[in-house]
Structure formats: structure tokens, C-alpha cells
2 protein chains.
Amino acid sequence: MADSGMNLEAQLILNLDQKMFANPRRMALLAAIAEAGSVSQGAKLAGISYKAAWDAVKDMNQRAEEPLLSLAVGGKGGGGAELTDMGERLLKLYRLLSDIQQRAVVALQDRSVPLESLLGAISQFSVQSSARNQYLGRVDQLMPADSGDMLVSVVLESGLKISASITRSSCERLQLALQREVMALIKAPAVILDSSTDQEAGPNCYSAEVISIYDQDLVLRLPTGDMLYARISAQPPEKGQTVVVRIDPAQVMLAAITP
Amino acid sequence: MADSGMNLEAQLILNLDQKMFANPRRMALLAAIAEAGSVSQGAKLAGISYKAAWDAVKDMNQRAEEPLLSLAVGGKGGGGAELTDMGERLLKLYRLLSDIQQRAVVALQDRSVPLESLLGAISQFSVQSSARNQYLGRVDQLMPADSGDMLVSVVLESGLKISASITRSSCERLQLALQREVMALIKAPAVILDSSTDQEAGPNCYSAEVISIYDQDLVLRLPTGDMLYARISAQPPEKGQTVVVRIDPAQVMLAAITP
DNA sequence: TATCGCTATATAGTTAACTTTATAGCGATT
DNA sequence: AATCGCTATAAAGTTAACTATATAGCGATA
């Protein structure tokens with residue numbers, strides 16, 4: 001279940017009131033019926049017997065709060081079947097969920113992904129941000145600042161502390177509390193090289209070693225071992241040099257998973 | 001699958017080489033065996049017959065590339081069973097995937113969630129950011145800027161255009177291309193009220209109507225109907241007034257789902 | 001060396017979801 | 001009014017995954 005050569009895939013089953021309601025076969029059938037225009041032709045398309053198809057359709061139509069298929073008996077062509085809006089929506093929902101699940105399976109199979117952290121795991125396969133600097137940590141301190149915002153201190157596994165200035169309403173929206181797992185996001189251009197002093201002072205002020213310079217991208221290493229990506233502003237430093245960097249807490253974005 | 005009163009839950013089945021490998025019952029059994037220290041006691045705990053448990057364990061141990069349980073026969077206590085590292089990891093992976101799936105199910109049941117957009121759907125239940133302003137749109141234009149960064153123009157459904165300045169490497173990492181679905185994230189403090197002029201000029205410069213003022217939070221409405229959250233800096237405007245706002249493209253973060 | 005609780009394995013019955021096959025009934029179209 | 005292809009329903013056989021029950025074998029421990 002962990003290495004590359006294996007063919008692991010996820011199947012989604014939706015239970016309604018503790019009983020199976022949707023599974024891959026049923027959803028494929030639903031799609032086939034929608035395409036063919038009748039249960040009998042859809043069953044053929046899906047490669048199952050008419051009886052099984054009809055039983056499935058009957059069960060779904062009865063148990064869903066609204067039918068998924070509207071069935072016409074007799075008349076033109078002998079009758080037919082059509083997806084209702086509800087049916088269409090269920091199909092979309094199911095496909096979306098399957099897609100999400102398959103992404104998760106593929107991403108989390110990698111042995112290097114930590115499975116302890118929900119946030120860490122989810123961020124591997126879901127929304128990726130353009131921020132070069134992404135640090136997983138926990139809320140360490142929550143302080144009201146003068147501006148009316150909250151100053152949130154995040155401590156990483158490595159011990160590095162990063163402060164973020166967040167509006168109170170955002171704090172509430174993310175349900176930030178001590179020990180909550182959060183990710184601090186910092187765009188590279190928000191990392192300021194501070195040549196005026198070589199003293200660390202104030203929040204988010206660190207001394208860092210220059211690891212590499214390429215084009216205008218600067219890679220730094222903090223004493224804690226964490227890497228920091230910055231952009232070169234005025235005079236470029238040299239490789240191996242130690243510089244002082246500063247990050248405005250207002251430029252730090254926090255991300256979390258609401259429980 | 002759509003309204004509140006229903007009891008919809010997701011079940012995860014993992015297929016290995018087209019055949020069922022892990023399902024909720026098997027994983028519960030694995031956990032029970034780990035807790036009890038033997039297959040027979042674990043089966044009792046999980047409420048299934050010893051035969052079924054043993055068949056499941058045998059199948060999993062044989063088909064996984066490494067056994068999940070190490071079984072000892074005879075000796076102290078007659079033998080016993082223990083989770084291997086691989087078994088432990090599978091269990092964690094499974095729990096994480098189930099958790100993610102359940103979150104997705106709960107979030108996407110809401111009728112108001114658009115099921116057309118993968119990014120829109122995922123962002124509903126996964127990582128939430130502290131940025132108050134979040135706009136779903138598509139990449140409209142990709143232009144190299146003087147700084148060496150890329151200026152990415154995002155157009156929303158409403159027609160609103162937002163520009164973001166992103167490093168080239170981030171562009172590549174997110175695989176940004178024309179028409180790619182992205183989300184623009186802007187912290188409220190990054191929205192600057194520009195009193196010097198009432199002319200819209202340059203990128204990310206909009207005239208906006210003041211909808212509400214509470215404490216230091218400002219809610220604005222753009223002509224396109226989109227809402228914009230800002231922080232009050234110097235002199236607070238009045239409700240109903242029209243103001244000009246400006247957002248530095250470097251302060252705009254983009255998020256996407258890599259395909 | 002006998003005991004113990006476990007792994008390891010077999011046999012037979014049960015269940016749920018299928019399968020094939022068959023047939024009744026419907027109602028616009030011809 | 002006859003036709004047509006569908007929905008609607010039933011009966012009987014198949015399969016996979018269980019159930020319960022039984023038994024052989026193991027090896028540290030007492």
C-alpha cells in the first residue's frame with residue numbers, strides 16, 4: 001500500500017441510513033441509463049442484467065427523498081427513463097467525491113507524507129498555494145495587537161516561531177486556539193532582507209544563511225534548519241553569507257482545517 | 001443526498017489490483033487485533049467469526065507487498081498477532097482517507113455548493129485560509145513583469161479581473177496556464193483605500209461602495225457585485241460612500257489544484 | 001512432559017446481491 | 001385495434017463473503 005508499483009485505487013460507497021445507497025456500479029448504471037434513455041438499454045450498456053438494474057433503480061428512487069430517475073411506462077418507444085435534477089446532482093456529487101478520494105489515495109501513498117497531521121496530509125493533494133514558504137505548526141500564542149487584530153504565534157516542529165497578524169473575525173472563522181494545527185503561508189517577496197542591522201529583533205526577524213542564488217530567487221536556511229525562500233531586492237548577498245531577514249506579520253497568511 | 005435530515009455517510013474501499021483489499025470492516029478488525037494482541041480476540045472484539053477474520057488477515061498479508069500483521073504460533077500465550085509498521089501505516093492511511101471523505105460528503109451535500117468546479121468544491125471542506133477575500137476564477141492572461149515575476153490576470157465569473165504577481169517558479173509549480181481554475185486570496189489589510197484620487201487606474205484598482213463599517217472592518221461592494229473586505233487605515237469613510245481601492249498584485253496569493 | 005491459548009485449516013450452512021429467464025401491463029404511434 | 005419497446009414483477013440458479021463448528025499443530029511455560 002505504499003510503494004509505486006502497486007495499483008491501489010479507491011472506491012466510494014455512500015450509505016443512506018446505514019444501508020448501501022450508492023456504489024460505483026450503481027452510479028455507472030445511472031450514467032448509462034441517462035445516456036441510453038431507458039433502464040433496459042442502460043443496463044445493457046453497463047453490462048448488468050435488467051433485473052439487477054431495475055432493482056437498483058427502484059431502491060434508489062424509493063429511498064432518496066426525491067426520485068433520481070423519472071420512469072415513463074408505455075407510450076412512445078414503450079416508455080423510457082430520464083435523470084431528474086436530483087439524479088443529476090447525485091451523479092456529479094459522486095464523481096467529485098471519487099475524484100477527490102483518488103487524489104488523496106495517490107498523494108498519501110507516498111511514504112514521505114506524514115499521516116499524523118490531517119492538515120499536512122490534506123495540503124498534499126488539495127489546494128496548493130503560490131506562496132513559496134509553507135510551514136506546518138501549531139498555535140503557540142494568541143495576543144490582541146494594538147491595531148485590533150490578533151497576533152498569532154505559530155511554533156513549528158523545528159522550534160521556529162512565526163507570528164501572523166490576523167483579523168479577529170478571521171481568527172474566529174478558522175477557530176484558532178492554542179495548539180490548533182495551522183499552516184503559515186508567506187510569499188517570497190514578503191521576506192525582507194534587512195541590511196540595516198545584523199541583530200535579530202522583534203517578531204519574525206531571523207538571521208539566515210544564504211544557500212543559493214538563482215536569478216532573483218534566494219534560498220536561505222534558518223538556524224532551525226527550515227528553508228526560507230526570498231526575492232532579491234536591492235544589493236544581492238553572496239552565497240554562504242549570513243543575512244538578517246524580516247517578515248511583516250501582516251503578510252503572513254494562516255491556513256487551517258476547521259474541525 | 002441533498003438535504004439536512006438525511007444520514008449520508010461515506011465508506012471507503014481500497015482495491016488492490018482490481019480486487020477488494022481494504023474496507024471498513026477489515027480495518028476495524030485490524031485495529032481490534034492490534035488492540036487485543038491476537039486474531040481470535042480481535043475477531044471477538046470486532047464481532048466477526050474467527051474464520052472470517054483469519055481469511056481476511058491471510059488475504060491482506062499475502063497480497064500486500066509486506067505483511068500487515070506478524071503472527072506468532074505457539075509459545076507464550078499460545079501465540080499472538082502484532083501490527084507491523086506497514087500495518088500501522090495502512091491503518092493510519094485508511095483513517096485519514098475516511099476522515100477526508102466524510103468531510104467532503106458533509107460539505108458537498110449542501111445544495112449551494114457548486115459541483116462543477118473541483119477547486120470550488122474542495123476549498124469548501126479542506127484547507128481554509130485566513131484571507132478574508134477569496135475569489136474563484138480562471139487565468140485570463142500571463143505576462144512577464146519587469147521584476148522577473150509573472151503577472152497573472154484572473155477573471156471571475158462576475159467579470160472582475162484581479163492581477164497577481166507570482167514568481168516564475170510558483171507559476172510552474174501550480175502549473176498555471178490560460179483557463180486554469182484558480183483562487184485569488186487577498187488579506188483584508190492588503191486592500192488599500194486610495195483617497196488621493198477617485199480615478200480607477202492601473203491593475204487591481206477599483207471603485208467600490210461602502211456597505212458596512214464595524215469596528216475596523218470595512219465591507220465594500222465592487223461594481224461587479226463582488227464583496228471586498230478591507231481594514232480601516234487612516235480616516236474612515238462613511239457608509240454608502242464610493243471609494244477607490246487598490247491592491248498590490250504582489251500581495252495577491254493564488255491557489256490552485258494541480259491536475 | 002503435559003498444559004494452554006493461540007494460529008492454521010476444513011466443512012457445511014446462510015445470506016445478499018447478483019444472474020438468467022419468463023411474463024404481465026402500459027400507452028403513444030401506426 | 002394491433003404493434004412496439006419499454007416498465008414492472010416473479011421464480012430459480014449462482015456466487016462471494018460471511019456464519020458456526022470442529023480439529024490439527026505449535027511452542028514457551030509451569
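**Exercise 1. Work out how many residues of chain B are in contact with chain A in this predicted model, and which element of chain B gives the largest share.**

Start with the count: 63 residues of chain B are in contact with 64 residues of chain A. Next, go through the elements on the chain B side. Strand E1 (8–16), H4, helix H5 (118–125), strand E5 (128–129), helix H6 (168–173) and strand E15 (253–256) of chain B each supply at least two residues. The largest share comes from H4(B), with 12 residues. Finally, sort that side by class: 36 nonpolar, 15 polar and 12 charged residues.

**Exercise 2. Find the strand of chain A that pairs with E5(B), and say whether the sense is parallel or antiparallel.**

The partner is strand E15 (residues 253–256) of chain A, and the two pair in the antiparallel sense over 2 bridges. For a spot check, look at Ser129(B) in E5(B): it stands opposite Ala255(A).

**Exercise 3. Describe the largest nonpolar core, then pick out the contacts of Ala184(B).**

The core holds 135 residues, and Ala184(B) is among those that touch the most other members, as are Leu97(B) and Leu254(B). Helix H4 (residues 85–108) of chain B gives the most to this core, with 9 residues. Now skip neighbours within four places in sequence; Ala184(B) is then in contact with residues including Tyr135(B), Val154(B), Ile162(B) and Leu254(B).

Key. Residues numbered from 1 in each chain as written. Chains lettered and ligands numbered in written order. Predicted model: local features only at pLDDT ≥ 70, side-chain atom pairs only at ≥ 80, totals over all residues. Core = buried A, V, L, I, M, F, W, Y, C linked by C-beta atoms within 7 Å. Buried ≥ 20, exposed ≤ 12 C-beta atoms within 10 Å, placed from the backbone. Helix = DSSP H or I, 4+ residues; strand = E, 2+ residues; numbered from the N terminus. Contact = placed C-beta atoms within 7 Å. Nonpolar A, V, L, I, M, F, W, Y, C, P; charged D, E, K, R; others polar. Pairing = 2+ DSSP bridges.
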